[in-house]
Amino acid sequence: MLDINCLLDNLETGLNRVIHERKLAQPLMIGLRTGGVWVAEALHQRLNIQEPLGLLDISFYRDDFSQIGVHPNVKPSQLPPNIEGRDIILVDDVFYTGRTVRAALNEIFDYGRPKQVVLGVLIERNGKQIPISPDCSGEQVILAANQRIKLTGPEPLAIHIETTASHD
Amino acid sequence: MTDNLQLNAEGKLKHFLTIEGLSQALLTEILDTAESFVGVSDQQIKKVPLLRGKTIVNLFFENSTRTRTTFELAAKRLSADVLSMSIATSSTSKGESLLDTIRNLEAMFVDMFVVRHAISGAAHFIAQHTAPHISVINAGDGQHAHPTQAMLDMFTIRQIKKDFAPLRVAIIGDILHSRVARSQIQALNALGTAEVRVIAPKTLLPAHVETLGVTVSHNLTEGLQDIDVIIMLRLQKERMTSALLPSESEYFKCFGLTESKLKIAKPDAIVMHPGPINRGVEIESNVADGPQSVILKQVSNGIAVRMAIMSMAMQPHGVS
Amino acid sequence: MMGKIHIRHGRVIDPANEIDRIGSVYIADGKIASVAEEPAGFKADIVIDASNQIVCPGFIDLSVRLREPGHSRKATFKSETRAAASAGVTTMCLQPDTNPVIDTAAVAELIKELAEKANYPQVYPIAALTQKLEGNELSSMLALKEAGCIAVSNANQPIRNLLILRRAMEYAASHDLLLMFRPNDYWLGNNGCAHEGPVATRYGLPSIPDAAETIALDQCLELAELTRCRVHFGQISCKRSVIKIHQANKYGLNVSADVSIHQLHLTENDIKPFDSAYHVLPPFRTEADKQYLRQGLASGTISSICSDHQPHDIDAKLGAFPETDPGVSSLETLLPLMLKLVSQHAITMEQGIAALSEQPARILQLRSGALTPGFPADVCVFDPDMDWQINKQNWHSRGVNTPFWNQTFKGRVTHTLQAGKVIFCVPSYR
């Protein structure tokens, strides 16, 4: 059983360490829609970041458009105009294949050239498909292919593992 | 008589030819998607990679620099490759050679046609005869439809008024020849607008106009009562020579939107115009540039709305 | 050499002679010999068993285009007379808008030659009312009449100047020529392509009000009164035309009218969006117009039905609706659509057959359109219950421009005889 507060504590500790090590100056926090935003909101408070949280919807940068088309519930991204030269903490709920982070980085770079980007996720699971890894995570878990992590929120924020009937 | 040609088997957009037959849910989805594309213009690099590697051809059989430019920009901001062709209609007066043009372009692996044509039904014709993987967007055909213009108008109205249900919208001017008006009326009705009112002299209204789902007024002073949204239409000069109107000055006197006429509508009424404006013919400059005018907003929204429609129509087809 | 033919066991319907009974038709020397007793010493060379079929006079079509001379890319005499034969049509009136126009005796003679060559001699050219159909100068009507033209008409071309129409009618009347007139005011028609109604409004199609037809019809009625010219109104399409013709007849003016078969079945609401197969002039109008046309036919105000056959090549119908050519390839749907009127109780079988034979013969003053002994043996035998699909196998016309393509109809011609010669026999009956 995964405890949300425990995960957030771990991630907060991890991020504080990275902020110190990498000397992040007045970092801007960006959450990935939808689950990443919920996690980021909690961290934003815990880390006492002054600047409003940035929101990123990576629908237009996904690499599977030719398979599934435009996501029907796409929401606007809300990033401050001054990305150029900034230190950024990117937050998502689950790190799985790495493709979402690839899309997010591309989108962020279209807004401007940040100085550093740090990636923090609540859970890092197995199944990576591209050479990207989080800088810190609340927990690392090994799951079967028919298992997935489900975050519900925003209030109350909860996390659990779903097992779907394996096909074929 | 429904128009399923523009939807695929799953009910998703395949072509965008007319508002007719599209559900409120689908129109709302277009507006919602467009909402997200607005932000792309705020990016330092004003494009998203959504349609990278896709080829879009703007086929303009009728000149319109403005519409062509917004379609071109929309396609480019989606990272598609765009080719714009202006084709003199004299060389393609017959369907045969129109099809030849289409076939030639198809052979160059085009993914989408954006078509503007002076004859009603031209976009339907191309959609019916083009290869199955190609999507067709109607950028205005004859007096039939101009659905992307209507959608950007809906987007602008929703931006300001939020909800269509309580709105009374007046469309003023040459309804008879206006493809924009036809598409606006269909869109407003599909989105549940309380009242769509057309205001024009009888010579500029099509027969049985009320069957489009509108109320009719021939008097601007009466017609502007209780109106939340005023849509002015462009008056073509040739309407004077074909005995539809006596003179520009008489038209302006009866149907021109002036500051004092504008006061008859609700105090928070907005003024729209699909452009290009004939100042002093259908609208006074003070009104066109005044605080209630949202005409420039319409222009900037045009890009986001067309990005939404192009990316939705470019959905993968036949994959499930 | 013409043989003797015996058609037996069929239901013989001959409205002109008020015959409707099971029996025989005897044909000899290209003429009807008898429809009652077997003529003495009659020995048939061919016997046609018409059991469960209807035997009636061959159909007379008041308005067709066979696309020759001038438009052989669309169709030819050979293809279209074949279509006519398969549809039970034994006589056709050819509109003058050929290329060249039928405004000289030479063109009229060429048409007779083309008909002979196609082994379908009963094609009557209609002479142009004005030279080149331009509506300015009178054609040489007498010479055209002598060359075999059966009437005069300006086809679909307008005569904008009423003084010219008046003089043309006076001149036609002087030579006892029938004027076949399709009423359409050029200016009110405004180059439209659809009925001025909700459908044209919704699709932004240039439209034609019914007043374009009724005003032109009114003017022509007044001129008929003035000039005493015999007038036949062709392909009328709307309610008030029926009323006006009814009134004119009531007040003693001798005018007649026909309606094209598809106008009795289709309305603006049947038009599939931008489907050029429905592009026809006059345009498909409203349900009320259709009902009035049907009633006009039942009451006799409209005496005949024509096919208004207009075959087109594929390219002519390939394009956005307004820029395509109007017209339907309609010879082969003539009978099944007439039978549909009967099954819908709009008219009786006898009225339907009369509207396709006796009535047009009367309008043209032809000794034909009936099974009267001595008349040319133009006979149509059809199976009223046979289902058939309109498709490539069954279709003879070069023009496939019909809104009924791939539809299944009831009623099919099995044999067509023209002047005693079997010019068509359905394959399964051979």
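Reader: Into which domains is chain B divided?
Author: Chain B has domain 1, made of 4-146 + 301-313, and domain 2, made of 147-299, with bounds that come from an automatic or database domain assignment. This is a predicted model, in which local features need pLDDT of at least 70 and side-chain atom pairs count only at pLDDT 80 or more, while totals for chains, interfaces and linings use all residues. Residues are numbered from 1 along each chain as its sequence is written, and chains are lettered from A and ligands numbered from 1 in the order in which they are written.

Reader: And how many residues of domain 1 of chain B are in contact with domain 2?
Author: On the side of domain 1 of chain B there are 27 residues, in contact with 25 residues of domain 2 of chain B, where contact means that C-beta atoms, placed from the backbone, lie within 7 Å.

Reader: Which elements give two or more residues to that side of domain 1?
Author: They are helix H1 (24-38), strand S4 (135-141) and helix H12 (295-313) of chain B; helices (H or I, at least four residues) and strands (E, at least two) are DSSP runs, numbered from the N terminus.

Reader: What about chain C, how many residues does the contact take from each chain?
Author: The contact takes 25 residues from chain B and 21 from chain C, and on the chain B side H3(B) gives the most, with four residues.

Reader: Back to H12(B), at what angle do H5(B) and H12(B) pack?
Author: Helix H5 (residues 147-161) of chain B packs with H12(B) at about 115°, with the axes 8 Å apart; axes are lines fitted to C-alpha atoms, for helices over the stretch in contact, and angles run from 0 to 180 degrees between N-to-C directions.

Definitions and conventions. Contact = placed C-beta atoms within 7 Å.
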